[in-house]
Amino acid sequence: MIEREVVIKNRSGLHTRPAATLVKTAARFKADFFIYKDGMEINGKSIIGVMTLAAEQGARLTLRFDGADEAEAEAAVVQLFESGFDE
Amino acid sequence: MPQRQLQENRKESITVGFLFDGNKDRLHLQMVAGSGGLSKEIRDKNVHRPGLALAGYVQLFRYDRVQIFGNTEMRYLEQLNTDERRATLERIFEFEVPCVMITGDNAIDDQFRSIAERRGIPVFRSPLETTKFVYFLGDFLDDQFSPQCTIHASFVDVYGVGLLLTGRSGIGKSEIALDLIERGHRLVADDVVMITRKGEGILMGAGSELVKHFMEIRGLGLIDVRSMFGIRAIRFQKRVEVVIELMDWNENQEYTRTGLDDKTMPLMDVPIPNVELPIFPGKNVTVICEVIALNYLLKHYGYDAAREFTKRLDTVISRKTRQMDDRAIDYFEHDFE
């Protein structure tokens, strides 16, 4: 299991488009992917779930990956946050 | 199946302003003093009637709770002379009291108001009688301080039974929920279900404020169940009564065949009846969900099909003389339908 923290960089936060990119990326991997924020536990492969976070710019999220390909999943997902979802 | 540890959280405090906003209509609250103290925090779900503290005994005074001044407290203050009353109120408001509720349509005088104002303690009035007021306010506070968690699941009311559908991402929870809605059942929440533990052993589920009754159907995108199917297809809250774990069919795993043992799983430390449901293409999971709900109702009303069948079998086995072939009908009448 891998756990790490990320910060939302893009100005408009985790709105619909980045949320869709995030779940699509996460769905490519077998590993379970959960996001934690403000006491909420969200399945990172569910678009409704990710949008429920309503994460704004600067928000801190804890990501947890668990499964055989967790390292690859982490690398792909973290890259999205690092690049600010190319926005 | 190993149960994943859910992250529970409980509010540490709410502000007096939040309490006021959430209850001013329901409790007909009117603010009469101390508007400067609305940011004061309430950390306890119980309320306190400060009778003894007013009379002078302040050891063990639960000053940190919402203070209720009902008829007893107000009459007591009234029969004191002005100096005594000032001393009494000063003694009480010296403590970090979050707020004061004056019930039963009692009113406060200028002396009371100025002391509360100076100490920055918000005072509210309500026309409700004390017992009713305490009941409503206690219910609100209890809910606010109840432990909560979010769970990735679909939550549907099927024949009045709260079915929580869980399972891995992409197994088809939302599609089953949609099928149930189509058959006249009611959606509570999809994907993100917020569960609150009320009292002892009651779990209440609801959706989140943002998502309400939106759901995602893979290949379609987002849909709004309320605007698509109408008001009959949704509800805002429901008790969680059965957890259905949808799982991929695994031929090496054994699934229950009789349903004789009542299986439960702990959800927020509450044992909830659960069904492990293996699914595969072509299996009508919706109908099975309906049957699970009906079976739960039968059991709830005292009829357990698995036990009844066992009883019948035992009777037949213990019968001394038995025909080889016990047909349900003794003989066929001349009615060949």
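Okay, ground rules. What we have is a predicted model, where local features need pLDDT of at least 70 and side-chain atom pairs count only at pLDDT 80 or more, while totals for chains, interfaces and linings use all residues. Residues are numbered from 1 along each chain as its sequence is written, chains are lettered from A and ligands numbered from 1 in the order in which they are written, and side-chain values use heavy atoms, with hydrogens and water left out.

On confidence: pLDDT is the predictor's per-residue confidence, from 0 to 100. Chain B averages 88, and 95% of the residues score at least 70. The model's ipTM is 0.77 and its pTM is 0.77.

Let's take the sheets, starting with chain A. Helices here are DSSP runs of H or I with at least four residues, strands are runs of E with at least two, and both are numbered from the N terminus. Two strands pair if DSSP finds at least two bridges between them. Chain A has an open sheet of 4 strands in the order 1-4-2-3, with antiparallel pairing. Its edges are strand 1 (2-7) and strand 3 (40-43), each pairing on one side only. From one strand to the next, the twist averages 25°; for angles, axes are lines fitted to C-alpha atoms, for helices over the stretch in contact, and values run from 0 to 180 degrees between N-to-C directions. Strand 1 of chain A runs antiparallel to strand 4 (residues 60-66) of chain A, with 6 bridges joining them.

Over to chain B. There, 6 strands make an open sheet with mixed pairing, in the order 11-9-10-17-19-18. Strand 11 (186-190) and strand 18 (264-267) of chain B are the edges, each with pairing on one side only. The twist averages 30° from one strand to the next. Strand 9 (residues 154-158) of chain B pairs with strand 11 of chain B in the antiparallel sense over 4 bridges, and S154(B) has D190(B) in strand 11 as its bridge partner.

So what packs on that sheet? Helix 9 (residues 285-300) of chain B does, touching strand 9, strand 10, strand 17 and strand 19 (270-279), and its direction makes about 135° with that of strand 10 of chain B. Helix 7 (residues 173-182) of chain B lies across strand 9, strand 10 (161-166), strand 11 and strand 17 (242-248), at about 20° to strand 9 of chain B. Contact means heavy atoms within 4.5 Å.

Last topic, charges. A salt bridge is a side-chain nitrogen of Lys or Arg within 4 Å of a carboxyl oxygen of Asp or Glu. By that rule, the count over all chains is 30. My pick is E90(B) with R119(B), closest N and O atoms 2.9 Å apart. E90(B) lies in helix 4 (residues 82-93) and R119(B) in helix 5 (residues 110-119) of chain B, so the pair ties together parts 29 residues apart in sequence. Buried is under 20% relative accessible area, exposed over 50%, partly exposed in between (1.4 Å probe, protein chains only). E90(B) is buried at 18%, and R119(B) is partly exposed at 33%. In chain A, D38(A) bridges to K37(A) at 3.1 Å; D38(A) is exposed at 65%, whereas K37(A) is buried at 10%.
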